[in-house]
Amino acid sequence: VAVPETEKVSDKIKNVLDYIELHYSETITVSQLAKLCYFSDYHFMRFFKNTMGVSFTTYLCDFRLNIAARLLVTTDDSILSIAESCGFFNLSYFNRTFKKKYGVTPGEYRKR
């Protein structure tokens, strides 16, 4: 029995999203995720964008920022350790992308 095409797509994207959820604190490469789907890097990037509506890198960054925002208000961990635990290994990049998304720095966000 052939599996319907939509079922294959949803299984593939579910595997990718599950992987991101489990490994967001680590470096995740396009190649790693492409292998999960048995795609080339190029095909994976197109597949992800067509399925999710945003690029993989945008999705991953957004996913990590959402977790960081939650940690900023629910823990007393330093901004650096929160950034690193969310997969941002460059503090100035973390601060810049956080401010771009939320309109305030991580420190200001925590004080609200």
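Where is the place of tyrosine 38 in the chain? Tyrosine 38 lies in the loop between α2 and α3. The structure is a predicted model, in which local features need pLDDT of at least 70 and side-chain atom pairs count only at pLDDT 80 or more, while totals for chains, interfaces and linings use all residues. Residues are numbered from 1 along each chain as its sequence is written, and side-chain values use heavy atoms, with hydrogens and water left out.

The protein chain contains seven helices and zero strands. Helices (H or I, at least four residues) and strands (E, at least two) are DSSP runs, numbered from the N terminus. Along the sequence, the order of elements is α-α-α-α-α-α-α. The C-alpha trace spans about 55 × 20 × 20 Å along its principal axes. Of the 112 residues in the protein chain, 31% are buried; buried denotes under 20% relative accessible area, exposed over 50%, and partly exposed the range in between (1.4 Å probe, protein chains only). The protein chain exposes about 7100 Å², of which carbon and sulfur atoms supply 55%. These accessible areas come from the Shrake-Rupley method with a 1.4 Å probe, and for residues only the protein chains shown count as cover.

Contacts (heavy atoms within 4.5 Å) were also examined by sequence separation. Among those in the protein chain with a separation of 6 or more, 52% are accounted for by residues 24 or more positions apart.

Two helix pairs were then considered. The axes of helix α2 (residues 30-37) and helix α3 (residues 41-52) come within 9 Å and cross at roughly 80°. Axes are lines fitted to C-alpha atoms, for helices over the stretch in contact, and angles run from 0 to 180 degrees between N-to-C directions. Helices α2 and α3 are therefore roughly perpendicular to each other, a term that covers angles of 65 to 115 degrees. At this pairing, Val30, Ser31, Leu33, Ala34 and Cys37 of α2 meet Asp41, Phe44, Met45 and Phe47 of α3.

In the second pair, the axes of helix α4 (residues 56-74) and helix α6 (residues 91-102) come within 11 Å and cross at roughly 90°.

Tyrosine 102 belongs to helix α6 and, with a relative accessibility of 22%, counts as partly exposed. When its neighbours within four places in sequence are left aside, tyrosine 102 is in contact with Leu65, Asn66, Ala69, Tyr109 and Arg112. Tyrosine 102 and cysteine 86 are 16 residues apart in sequence, and their C-alpha atoms are 16 Å apart in space.

In the loop between α2 and α3, tyrosine 38 has a phi near 60°, a positive value in a residue other than glycine. Most residues other than glycine have a negative phi. At 75% relative accessibility, tyrosine 38 counts as exposed.

Lysine 49 is located in helix α3 and is partly exposed, its relative accessible area being 46%. Apart from its neighbours within four places in sequence, lysine 49 is in contact with Val54 and Ser55. Between lysine 49 and phenylalanine 39 there are 14 Å in space, C-alpha to C-alpha, at 10 residues apart in sequence.

Terms used. Angles under 35 degrees count as roughly parallel, over 145 as roughly antiparallel, 65 to 115 as roughly perpendicular and the rest as oblique.
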